[in-house]
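Here are a few exercises to work through with the model open on your screen. Try each task before you read its solution.

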Amino acid sequence: TLDYTIRFQNTGTAEAINIVVIDTLSEHLAMESFEMMSASHPYTLQVSGKGRPILTWTFKNILLPDSTSNEPASHGYIKFKISHQPE
């Protein structure tokens with residue numbers, strides 16, 4: 001099993017209202033073993049793609065502050081785990 005952490009930060013100059021994170025997985029990973037562990041903020045997750053799964057997390061109304069006004073709160077993350085395809 002592989003543990004993944006995706007980190008993001010608002011390094012802009014204004015509050016981020018909506019954030020979309022897209023990750024394309026290897027065809028060598030077993031999507032049926034995918035398990036979300038946690039995320040920094042409420043989200044929706046969409047899975048698409050054939051052969052190579054595409055994961056799209058949408059954080060609506062996240063209101064993530066910019067790093068110049070509140071550096072500690074300007075960060076977010078996604079954690080999940082997934083296994084290799086059996087041989």
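**Exercise 1.** What percentage of the 87 residues of the protein chain count as buried?

*Solution.* This is a predicted model, where local features need pLDDT of at least 70, side-chain atom pairs count only at pLDDT 80 or more, and totals for chains, interfaces and linings use all residues. Residues are numbered from 1 along each chain as its sequence is written, and side-chain values use heavy atoms, with hydrogens and water left out. Buried means under 20% relative accessible area, exposed over 50%, partly exposed in between (1.4 Å probe, protein chains only). By that cut-off, 32% of the residues are buried.

**Exercise 2.** Work out how the open sheet of three strands is put together.

*Solution.* Start with the inventory: the chain has six strands and zero helices, where strands (E, at least two residues) and helices (H or I, at least four) are DSSP runs numbered from the N terminus. Next, pairing: two strands pair if DSSP finds at least two bridges between them. The open sheet has the order 2-5-4, paired antiparallel. Strand 2 (19-24) and strand 4 are at the edges with a single partner strand each, so one side of each has no neighbour in the sheet. Five bridges join strand 4 to strand 5 (residues 54-59).
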